[in-house]
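Please look over the model shown here before reading on.

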2 protein chains.
Amino acid sequence: MRRDSEFDPQDFLPYLLNQAAEALSLEFQRHYRGQYGMLRTEWRVLFHLGCYGEMTAKEICVRGRLHKTKVSRAVAALHRKRFLTRRELERDRRHAVLQLTALGQRVFTDLSRDAHAFDSEVRAAMTPDEATILHRCLIRIARFEAAQRTE
Amino acid sequence: MRRDSEFDPQDFLPYLLNQAAEALSLEFQRHYRGQYGMLRTEWRVLFHLGCYGEMTAKEICVRGRLHKTKVSRAVAALHRKRFLTRRELERDRRHAVLQLTALGQRVFTDLSRDAHAFDSEVRAAMTPDEATILHRCLIRIARFEAAQRTE
DNA sequence: GCTTGTTAGTTACATTTACAACCAATAGTT
DNA sequence: AACTATTGGTTGTAAATGTAACTAACAAGC
């Protein structure tokens, strides 16, 4: 029973994208949440530190486009869990370099494997060409007007 | 400074998808939030009613893959704003059919135009072929393991 | 009719998030 | 040195969300 000829929610990109993102996030959160009681932002922070090595909270904010308060609380939680250490820089004591502990590393390695498997599983639902294009489009969209939101 | 050869967050689909979805949602929310003080779920409910015509809250839950509490609260808010009416069914008084008021219709029409323009703007960043494939992939992903989350 | 089960929708409470104000360290200016 | 601005990071509080428990209406079995 259509009303207007406007358009279908299914064709509205923000809506569709949200549905897809939500579906994957909810599915994957079972791994980090179920196994390690981690929240989404915590997983993201761990992921960044695991992939790129030690860095400051600020760097995580910029790379991950996360607000500093979110990162701050995630870091605190990961610190409580003994997944990372914080080391103040002597030349500028505002900064603290974050680094995964051996335990944090193990957790990262474990979840990283899950992530890889999960990713493959999703990609299996499309052809390599489709996956490439999807990736390209998402990157482009993610960069879209995202300047003012990193801080 | 790479640590492991695992993979880049940028290649992890849930992550990338989330970034893209977040970017678009945050951008578009300025319209419904700024103009009408609406929340995301409220906009979605309005959108559904506007596109498909009157329906019950339950139908919105199923179509939009939204939890019933979210819909319940959004409907209450839209009702307070006089954007919709609720009419109990006589044959089953558990159901209430929701319908946009004239005011709600106007708001929908207005936002719908914005949505269309916004959508075109995003699509302009890709070729028609890319848009088609993106759409197809997202639909497929949104359906992915999404059974248990509609209720 | 009464009991049990199911369904549509709401409410209560705990968790999470957003936003703004804040603190401490540094940089820049005079 | 003193004064302001900026930056990295934290904390307080209000708003939003998720989860579970709940109500009310119906349906089915007895």
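1. Between chain B and chain A, 20 residue pairs are in polar contact, both residues being at pLDDT 80 or more; a polar contact is a pair of N or O atoms within 3.5 Å, where within protein one must be able to donate a hydrogen and the other to accept it, and residues adjacent in sequence count only if both atoms are side-chain atoms. The largest share of the side of chain B that touches chain A comes from α1(B), with 15 residues; helices here are DSSP runs of H or I with at least four residues, and strands are runs of E with at least two, numbered from the N terminus.

2. This is a predicted model, in which local features need pLDDT of at least 70 and side-chain atom pairs count only at pLDDT 80 or more, while totals for chains, interfaces and linings use all residues. Residues are numbered from 1 along each chain as its sequence is written, chains are lettered from A and ligands numbered from 1 in the order in which they are written, and side-chain values use heavy atoms, with hydrogens and water left out.

3. The rule finds four salt bridges across the interface of chain B and chain A, a salt bridge being a side-chain nitrogen of Lys or Arg within 4 Å of a carboxyl oxygen of Asp or Glu. Glu130(B) forms a salt bridge with Arg136(A), with the closest N and O atoms 2.4 Å apart.

4. Asn18(A) has its place in helix α1 (residues 13-36) of chain A. Asn18(A) is buried, at a relative accessible area of 7% (buried means under 20%, exposed over 50% and partly exposed in between, with a 1.4 Å probe and protein chains only).
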